[in-house]
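Dear colleague,

Please find below the structure that I am handing over to you.

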Amino acid sequence: MRRPAELRAQAREAAGFTAAVLRALAGDRFLWRLAWRNVWRNGRRAVIVATAVAVGIAGVVLSMAINFGMILQMIETAISTDLGHVQVHARGFQDDPGLDRLLGDGGRGGIEALEGLAEVRAWAPRLRSEGLLSSARASAGVRVLAVDPAREARITSLAGSIVAGEYLDGARRRLLMGEALAERLHVEVGAKVVLSATDARGDLAGEAFRVAGLFRTASLELDRSTVYVRLDEGQRLFQVGDTISELVVVARSREAVPRLKAALRERMGGDVEVQSWGELAPVLEYFVEIFEQMAWIVYAAVFIAMAFGIANVLLMAVFERTREIGVVRALGMSGPRVVGMVALESVLLTLVGLVAGFALTGLGLVLLRDGIDLSPWAQGLNIMGVGATIVPVVRLADFTTPSVVAVLTALLAGLWPAVRAARARPAEALRHV
Amino acid sequence: MPLELRLAWRNVWRNPRRTGLTVAATVFAVVLVVFFVAMAAGLHEKMIEDSVRLHSGHLTLSGPGYFANRTLAQHVRLDAPLRGLLEETPGVRGWAPRVIGFGLLSRETDAQGVALMGVDPEREPSVSSLADRLTRGSFVSRERPHGIVLGERLARNLGARIGDELFLYSQAYSLETAADLYRVIGVMKLPDVTLDRSLALVSLADAQEFFVYGDRVSEVAVLAEDADAAPGLAAALQRRDPAVEIHIWSELMPELVQFIFIDDAGMYILLVILVVVVAFGILNTILMSVLERTRELGVLLALGLRPRAVFRLVYLESLLLAGAGLALGLAVGIPLVLWFQGHPILLGERMAEAYELFGMEPLMTWKLKPLNPIGSAITILGVAAAAALYPALKASRGRPVDALRSL
């Protein structure tokens, strides 16, 4: 069996050649100057290829930025309207939420654990259950959130989402509901509604409330089926004493969440569940993952399309210069240096396009800095929990990934023409017109 | 074959390598466009079909005002003329009457607000897939009065098992209190999280008794041949019965229509970018071939060929180039999509959860619509035509004297 040995020898040879190419590129500034001049030999052609690369890159980076802006907004909306960064519940609450799994004593154990943690920006207690809300004309099943109005205002955007009436204050028996729910029940601010629910002892309880205000958020689910009442009134309605369902905590930043979660877990022990937003709504994290996979597919597709164009131009350039390359070979320029020169030409050409593309991207980002207004399609966005204005968001990776892929594409596309050029036998090439 | 076409065809193949690369780039773009458009079409059709079959139907008939108010006060009587209308109108694949109200369902200390839907056990499967979604127990039936079927999450939140007795409380049609006991006979797994948490089914007769509703129903859901046939069927039904209120799926689920629009917009933007990148390749190839032939084109002009003919010649070349790429691309792309159409891909667990959020089965499907390849063809040829303008103008504008003097 000579095959493996042959393959090994070939691989060694290829590695040796590559090293020689790299050595040639590293040690010779003249080669760089030559490649740069070759790029601009046919200016029109170079500009067309660079434009194709620039348009492709700017288009892809901007579309991805808009997409990512949408996903970030979805996460931020979920966190700022409802989830918070970390939630603390009694053990087993997530599997079976009910009035029999509550944090006793107003969640004092949890609150004490929170005090003094540097990562905590704000926290709020909530009691949550289900109920039936009836107006004079209709009724609907609702999720009831009993909150401390002042604290809730610090952890969610609820207070800022009021579009009619007022936020909860000291007045008794007031509730907030989504605008969409109010429409369905045909009620307005000030109307009387009856909230019926089963209390902790299993008895049916009902109480009349007045609509204090209506809210509109980017979450259709919240707007359609959630009402907010004051914590003490919720505790009385559900007959749960001073217990609560959850403590919602907002961290100083999203990056501090893992540390905050770990610290809370350590301080509070095993009787409670401490979960981050990603654990409470795993789907949000999948979206980021799916987005990242999709971005690679898109980059790959556009760059492959670009590669054809780059290879084509390089190939033409090499053919035009068959005679010239023959001359430099005859004058003693080594194979690795010729390959290095052509590959470098390909990379430089692509980099020109890349830089122009990033300039275009920057221009686009400046133009779109106030966001794109998609209000005609607001409902479609709201089912995803996204508001009507989308601000593109770019990350460092949006520039590094296309740069790396562009250089790789240029190298691959330049390889064939480069090797062709290096293989030319000087005698034949010189005979070529 | 006319002379110009023959000339153009030969010019295209003058440099086979260059032409090959350009055609390959076009083929690549065409295949991607056909593939992704079909993937989106498959996804969207599936979203519509799943939502329609989940419960809404392709269209609903209801009493005036039900769509805007959705309360028991708006109703339609399921009498002989209405039954006749549904039985006799061609294009009705299935219909099912429903009573829809809200209630509070409780068991011991757990309580949940529910959407209570009374369904006709015989008719319901002709429209919705609710009966197929049963994971335990049995569906509502005439034989088992006061039986209730719950969504899985609803059952879990209530801690209810098959055979448990639940207390249902609501407001009747007369606005008096309605309350009764029901026994859990089945649990169904619904792909829509909100529905799974809130939908409870009882038989139509039970619901009419509970809400003191007589022979009234809230709506009749109708299944048409497919989503595209819904508007036509709605118009036909409306002609026969002007009094009844009819809404088709796009009105019942406007957010779905908007979602599809946004999703499509995002995809088309990316595909246009791809096609533009390929168009620059075509532009470059044609331009190079024109510049190489400056002298030759100068000779043609000097011999008396009109500039317009030279323009046509170069233009034909780029259309041939794009056409070749398009034909090959469609020849690869269409069978590829047709194969995927017959072999949907089951998604992994994580993707599946994201799909469930939108109430969809976790299947990736493809659907080739006739407009898809036609649209791709028009786009590619249009962009190629635009890209060829510059080289063609350049070729026809040259002065023969200058051209002959050049190398």
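In the classes used here, Ala, Val, Leu, Ile, Met, Phe, Trp, Tyr, Cys and Pro count as nonpolar, Asp, Glu, Lys and Arg as charged, and the others, Gly among them, as polar. Please note that this is a predicted model.

I begin with the cavities, of which the count comes to 3 at 30 Å³ or more. The largest cavity holds about 160 Å³ of space. Its lining consists of 22 residues, and A:Phe308, A:Gly309, B:Val277, B:Phe280 and B:Gly281 lie nearest its centre. Two or more lining residues come from each of α3 and α11 of chain A and from each of α2 (16-56) and α10 (254-292) of chain B. By class, this lining has 15 nonpolar and 7 polar residues, with no charged ones.

The second largest cavity holds about 80 Å³. Among the residues that line it are B:Asn11, B:Arg18, B:Thr285 and B:Glu317. α10(B) gives the most to this lining, with 3 residues. The lining divides into 3 nonpolar, 5 polar and 2 charged residues.

I turn now to the interface. Here 73 residues of chain A are in contact with 60 residues of chain B. The two chains bury about 5600 Å² between them, with 67% of it on carbon and sulfur atoms. On the side of chain A that touches chain B, α11(A) gives the most, with 20 residues. The residues of that side comprise 42 nonpolar, 18 polar and 13 charged.

With kind regards

Notes
Residues are numbered from 1 along each chain as its sequence is written. Chains are lettered from A and ligands numbered from 1 in the order in which they are written. This is a predicted model: local features need pLDDT of at least 70, side-chain atom pairs count only at pLDDT 80 or more; totals for chains, interfaces and linings use all residues. Side-chain values use heavy atoms; hydrogens and water are left out. Contact means heavy atoms within 4.5 Å. Buried area is the accessible area (1.4 Å probe) that two parts lose on being put together, summed over both. Helices (H or I, at least four residues) and strands (E, at least two) are DSSP runs, numbered from the N terminus. On a 1 Å grid over the protein atoms alone, a cavity is a set of points where a 1.4 Å probe fits but cannot get out, and a pocket is an open set with protein on both sides within 12 Å along at least five of seven lines; lining residues have an atom within 4 Å of a point. Grid points are joined across faces, edges and corners, and a volume is the space filled by probe spheres set on the points.
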